[in-house]
Amino acid sequence: MLDIYAGENALTTIQENGFKQELFTNFLGASGGPKWFTLFGLDKYLFGDFFQERTTELNLIGSSAGAFRAACFAQKDPVAAISRLADKYARTVYDDKPTTADISDSAVDMLSHIFGTSGVNEVLSNNIFKAHFIVAKCNGLTSYENKAVQCAGLLGSILLNKIDRRLLSYQYERFIYRPKSSNLIVNDPYNFTSHYIDFTQDNIPDALLASGSIPMVMSGIKNIANSPQGTYRDGGIIDYHFDFALHNEQMIGTKQKQLDNLTLYPHFSDKPKAGWFDKSSSRQVLNKHYENTVLLVPSERFIQSLPYNKIPDRNDFKTLDAPTRIKYWLKVLSETDRLADAFNEFIVKQDTNKIQRF
């Protein structure tokens, strides 16, 4: 039902201490659009139960759909917020041939729905659950809205990525929007420039919207407040499923020290890909970046039990009529409570023999 994978350090730590929420200081949420529906039950359990009594900070790091989830988890009632997001997303309906403006307007409406009147302030003031939104600033041809020009830029990205992922740093910069008190640092061997921008009431909505603004599908977000001028798009372009190390810098006495605590990563795949352009490539993430990570992954048996024997994806908008797709997606959302039950059973029994090495 639920597969659990752990890097070498994470597995040793859990075997010595048990599987406890206080072992984790980071939480990852990947891109992937409606694929995250398979994690809905886990999300509700983790933030409605597992982390409910949390008293120390937990960094929530997300790109695209993962950033939207992080924005929900950092609100006062995370279960209600993630439920609003899931229901709104599942029931989204477009015209037969939606424009980029149509899809972008729908995303704005979704953002307003999950934040409500107080959500932005709740994210801004949460000192325990600290949301971090990853956004890609686009340079060169990829920064244009004209589809022909943007497409040329993306074709260049595909070629550069095929040669060497590091070359993408000429086209994209990583922006991480975060609470002012955050001490999270990304250690990236691929040389993407990482900028850290403090949250304000003015930039949280646009930063979140930018993190989910898919190239060629949605409009880029221009000139986010407190940020350099330019075009900002989907954080998954650079960090689709993540291939970097996370450090939490803290002052120990008069010296600054990097603490490498564990990262919890509910994910819809046991084979994460670094960036958007790696989706169909054979490139693997670096194992060293997952030494401190625990992945919670729906098993193949669970996936085969779902309607159409697969997890939701954005192609469902094209291949299924709206009533059929909505019924299918809502069914998946309800079925994921079984994953929460499986994880709860694991927590109760503490059977670490079920953890597989990543």
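This is a predicted model: local features need pLDDT of at least 70, side-chain atom pairs count only at pLDDT 80 or more; totals for chains, interfaces and linings use all residues.
Helices and strands are here DSSP runs, helices (H or I) of at least four residues and strands (E) of at least two, numbered from the N terminus.

Strand β1, residues 2-6, has 4 of its 5 residues buried, so it is largely enclosed by the rest of the structure. Strand β13, which spans residues 293-298, runs antiparallel to β1 and is joined to it by 5 bridges. Within this pairing Ala6 stands opposite Val294 of β13, and Tyr5 stands opposite Leu295 of β13. Tyr5 also has a bridge partner in β14, namely Gln356, and the pairing of β1 with β14 (residues 355-357) is parallel, with 3 bridges.

Strand β13 is in turn paired in the parallel sense with strand β12 (residues 262-266), over 4 bridges, and here Thr263 stands opposite Thr293 of β13. As for cover, 6 of the 6 residues of β13 are buried. In a regular strand the side chains alternate between the two faces of the sheet. In β13, Thr293, Leu295 and Val297 point one way while Val294, Leu296 and Pro298 point the other way, and all of them are buried.

Helix α8, made of residues 204-211, is largely enclosed by the rest of the structure because 6 of its 8 residues are buried. The buried residues in α8 are Ile204, Ala207, Leu208, Leu209, Ala210 and Ser211. An α-helix has 3.6 residues a turn, so residues three or four places apart point the same way.

Helix α3 (residues 65-73) contains Ala70, which counts as buried at 3% relative accessibility. Between Ala70 and Asp270 the separation is 200 residues in sequence and 21 Å in space, taken from C-alpha to C-alpha.

Helix α5, residues 100-115, holds Asp102, which is partly exposed at 32% relative accessibility. On the surface, Asp102 gathers with Asp95, Asp96 and Asp105 in a patch of negative charge.

**Salt bridges**

Over the whole structure, a search finds 16 salt bridges.

| Pair | N to O distance |
|---|---|
| Lys88 and Asp109 | 2.7 Å |
| Glu145 and Arg233 | 3.3 Å |
| Arg174 and Asp239 | 2.7 Å |

In the salt bridge between Lys88 and Asp109, the closest N and O atoms are 2.7 Å apart. This pair links distant parts of the chain, with Lys88 in helix α4 (residues 78-90) and Asp109 in helix α5, 21 residues apart. Lys88 is partly exposed, with a relative accessible area of 27%, and Asp109 is also partly exposed, with a value of 39%.

The side chains of Glu145 and Arg233 meet in a salt bridge at 3.3 Å from N to O. Here too distant parts of the chain are linked, since Glu145 lies in the loop between β4 (129-138) and α7 (147-163) and Arg233 lies in strand β9, 88 residues apart. Glu145 counts as partly exposed at 33% relative accessibility, whereas Arg233 counts as buried at 1%.

Arg174 and Asp239 form a salt bridge through their side chains, at 2.7 Å from N to O. The two residues are 65 residues apart, with Arg174 in strand β5 (residues 172-178) and Asp239 in the loop between β9 and β10 (245-252), and the pair links distant parts of the chain. Arg174 is buried, with a relative accessible area of 0%, and Asp239 counts as buried at 0% relative accessibility. Salt bridges with shared partners join Arg174, Asp239 and Asp188 into one network.

**Residues with positive phi**

Asn223 has a positive phi of about 50 degrees although it is not a glycine. Asn223 sits in the loop between β8 (221-222) and β9 (231-233), and it is partly exposed, with a relative accessible area of 43%.

Tyr308, likewise a residue other than glycine, has a positive phi near 65 degrees. Its place is in the loop between α9 (300-304) and α10 (316-319), and Tyr308 is partly exposed, with a relative accessible area of 47%.

Technical notes. Residues are numbered from 1 along each chain as its sequence is written. Side-chain values use heavy atoms; hydrogens and water are left out. Buried means under 20% relative accessible area, exposed over 50%, partly exposed in between (1.4 Å probe, protein chains only). Patches are made of residues with over 30% relative accessible area and no salt bridge: like charges are joined within 9 Å, nonpolar side chains (Val, Leu, Ile, Met, Phe, Trp, Tyr) within 5 Å. Accessible areas come from the Shrake-Rupley method with a 1.4 Å probe; for residues, only the protein chains shown count as cover. A salt bridge is a side-chain nitrogen of Lys or Arg within 4 Å of a carboxyl oxygen of Asp or Glu. Lys and Arg count as positive and Asp and Glu as negative; His and the chain ends are not counted. The place of a charge is taken as NZ of Lys, CZ of Arg, CG of Asp or CD of Glu. Two strands pair if DSSP finds at least two bridges between them.
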